Amino acid sequence: KIFFLISNTNTHTHKAEQAKKKIPELCLKLEKIYQPCIIMAKKRYCGYAFDSATDQPRFDSKGIETIRRDGCPLTGKIMERCIRILFDSNGNVESLKPYIQHQFDRILCGRIGQLSDFIFARQFAGFNNYCNGDVIPACIIARKRIQIDPRDEPKFKERVGFVVIDDNDSNEKRRVADLVRQPFDLLADDT
């Protein structure tokens, strides 16, 4: 129990002193300090974490793309490296440019490490939780899978992998939902 008494009278002061004696002292433990850090929103932040004054800093992030599982892993890897470069250069945004250009050059030239870095994964909520016209990638892939094999329906909350492929050279605008493919489709494609 915590008592908050604000008064100038002696009786209330006496009661406050008695209450203090009954309440044990609180010992607060320092969890960690972030220096430098980026706070994007509530429960979304990152920085170099120090657990004590003698510890080496370690990169720690919560709620941002570096640790989230619903994006492609490549995004998280590039973003984490960009944040580290930004922290190590004391916030110099210009220091990011060479790294980002190099990464995009690698992607556009086809010099990628692993195909798995480009695979998105979303939880499948079951067909009962989707409408027929829903354009959610996990649902689209699940529909394609059961068209091929009716026994291949993903389980509830199973992570369904997909890639986004723009295989049309025209400037025609298309929805992302129309570009969703299974990772195996990408491997089978000869182009």
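Author: A salt bridge is a side-chain nitrogen of Lys or Arg within 4 Å of a carboxyl oxygen of Asp or Glu. Side chains of opposite charge can pair when their charged atoms come close. In this structure, Glu31, Lys32, Asp60 and Lys62 are linked in a network of salt bridges. The model is predicted: local features need pLDDT of at least 70, side-chain atom pairs count only at pLDDT 80 or more, and totals for chains, interfaces and linings use all residues. Residues are numbered from 1 along each chain as its sequence is written, and side-chain values use heavy atoms, with hydrogens and water left out.

Reader: How many salt bridges does the rule give?

Author: The count comes to 10 salt bridges. One of them joins the side chains of Glu31 and Lys32, at 4.0 Å from N to O. Another joins Asp152 and Arg145 at 3.2 Å, N to O, and Asp178 meets Arg175 at 3.0 Å, N to O.

Reader: Where is Thr66 found, and which residues does Thr66 touch?

Author: Helices (H or I, at least four residues) and strands (E, at least two) are DSSP runs, numbered from the N terminus. Thr66 lies in the loop between strand 3 and helix 2. Contact means heavy atoms within 4.5 Å. Leaving aside residues up to four places away in sequence, Thr66 touches Phe59, Ser61, Gly76, Met79, Glu80 and Ile83. With a relative accessible area of 14%, Thr66 is buried. The side chains of Thr66 and Ser61 are joined by a polar contact of 2.7 Å. Such a contact is a pair of N or O atoms within 3.5 Å; within protein, one must be able to donate a hydrogen and the other to accept it, and residues adjacent in sequence count only if both atoms are side-chain atoms.

Reader: Which residues of helix 2 are buried, and what covers them?

Author: The buried residues are Leu74, Gly76, Cys82, Ile83, Ile85, Leu86 and Phe87. Their cover includes strand 1 (33-41), strand 2 (44-50), strand 3 (58-62) and helix 3 (96-108). After helix 2 comes Asn90, whose phi is positive, near 55°.

Reader: In what order do the strands of the open sheet lie?

Author: Strands of a sheet pair through backbone hydrogen bonds, either parallel or antiparallel. Two strands count as paired if DSSP finds at least two bridges between them. Here 3 strands form an open sheet in the order 4-5-6, with antiparallel pairing. Strand 4 (120-123) and strand 6 (180-181) are the edge strands, each pairing on one side only. Strand 4 pairs with strand 5 (residues 159-164) over 4 bridges in the antiparallel sense. Within strand 5, Val160 is the bridge partner of Arg122.

Conventions:
Buried < 20%, exposed > 50% of the residue type's maximum accessible area, 1.4 Å probe, protein only.
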